[in-house]
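This report walks through one protein model, from its overall layout to its contacts. Keep the sequence and the 3D view at hand while reading.

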Amino acid sequence: MRQEYKHFLTIPTRWMDNDLYGHVNNVIYYSYFDTVINAYLIAEGGLDIHDGRVIGVCAESFCSFKASFAFPEPVEAGLRVGHLGRRSVRYEIGLFKAGLETPAATGHFVHVFVQREGMTPVEIPADIRSALEALKA
């Protein structure tokens with residue numbers, strides 16, 4: 001349900017998101033997951049995607065489809081944190097149609113934080129951890 005998510009971002013669908021069947025292709029849903037997560041980390045956690053020493057890499061992702069989207073329909077992406085560890089976080093995402101309480105798709109995405117150089121796992125930086133704490137379910 002919509003109220004279970006702590007943060008929302010409206011993502012416009014694009015013409016190219018539709019497939020030959022006239023709806024947003026399933027692989028694009030993962031792009032929406034990535035978009036809501038990274039937009040939040042940049043805005044609220046100070047993640048520097050270009051020059052930061054620490055980055056998050058996807059270790060696992062999953063999506064359960066319940067209803068389709070189609071261009072030009074907006075996607076309202078809900079975000080929460082299901083588990084916050086020392087070096088990793090499990091985000092839970094719901095993709096909603098405008099005005100509906102039940103999600104059209106749900107899923108999760110696991111980030112492991114690593115040093116950009118060498119890809120060695122590190123503890124989640126304090127600013128990012130603080131932003132993630134605010135999303136805990």
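How many helices and strands are there in the protein? There are two helices and five strands. Helices (H or I, at least four residues) and strands (E, at least two) are DSSP runs, numbered from the N terminus. The model is predicted: local features need pLDDT of at least 70, side-chain atom pairs count only at pLDDT 80 or more, and totals for chains, interfaces and linings use all residues. Residues are numbered from 1 along each chain as its sequence is written, and side-chain values use heavy atoms, with hydrogens and water left out.

**Overall layout**

Along the sequence, the pattern reads β-α-β-β-β-β-α. The radius of gyration, taken over C-alpha atoms, is compared here with a globule rule of 2.2 Å times the number of residues to the power 0.38. The value for the protein is 15 Å, close to the 14 Å that the rule gives for 137 residues, so the protein is as compact as a globular protein of that length. Its C-alpha atoms fill a box of roughly 40 × 30 × 20 Å along the principal axes.

**The sheet and its helices**

The five strands form an open sheet in the order β1-β3-β4-β5-β2, with antiparallel pairing. Two strands pair if DSSP finds at least two bridges between them. Strands β1 (7–12) and β2 (54–65) stand at the edges with a single partner each, so one side of each lacks a neighbour in the sheet. From one strand to the next, the twist averages 25°. Axes are lines fitted to C-alpha atoms, for helices over the stretch in contact, and angles run from 0 to 180 degrees between N-to-C directions.

Eight bridges join β4 (residues 88–96) to β5 (residues 105–115). Within this pair, Ile 93 stands opposite Gly 107 in β5.

Both helices pack on the sheet. Helix α1 (residues 26–45) touches β1, β2, β3 (74–84), β4 and β5, and its direction makes about 55° with that of β5. Helix α2 (residues 126–133) touches β3, β4 and β5, at about 110° to the direction of β3. Contact means heavy atoms within 4.5 Å.

**The core**

Buried residues (under 20% relative accessible area; exposed is over 50%, partly exposed in between; 1.4 Å probe, protein chains only) make up 42% of the 137 residues. A nonpolar core is a set of buried Ala, Val, Leu, Ile, Met, Phe, Trp, Tyr and Cys residues joined through side-chain atoms within 4.5 Å. The largest one has 33 residues, and Ile 37, Leu 79, Tyr 91, Ile 93, Leu 95 and Leu 132 have the most contacts inside it. Helix α1 gives the most to this core, with eight residues. Not counting residues up to four places away in sequence, Ile 93 touches residues including Phe 33, Ile 37, Leu 79 and Phe 109.

**Salt bridges**

The structure holds eight salt bridges, each a side-chain nitrogen of Lys or Arg within 4 Å of a carboxyl oxygen of Asp or Glu. Three of them are listed here.

| Pair | N to O distance |
|---|---|
| Lys 97 and Glu 73 | 2.8 Å |
| Arg 80 and Glu 92 | 2.6 Å |
| Lys 136 and Glu 133 | 3.5 Å |

Lys 97 lies in the loop between β4 and β5 and Glu 73 in the loop between β2 and β3, so this pair ties together parts 24 residues apart in sequence. Are Arg 80 and Glu 92 buried or exposed? Both are buried. By contrast, Lys 136 is partly exposed at 38% relative accessibility, and Glu 133 is partly exposed at 39%. Shared partners join Glu 4, Arg 80, Arg 90 and Glu 92 into one salt-bridge network.
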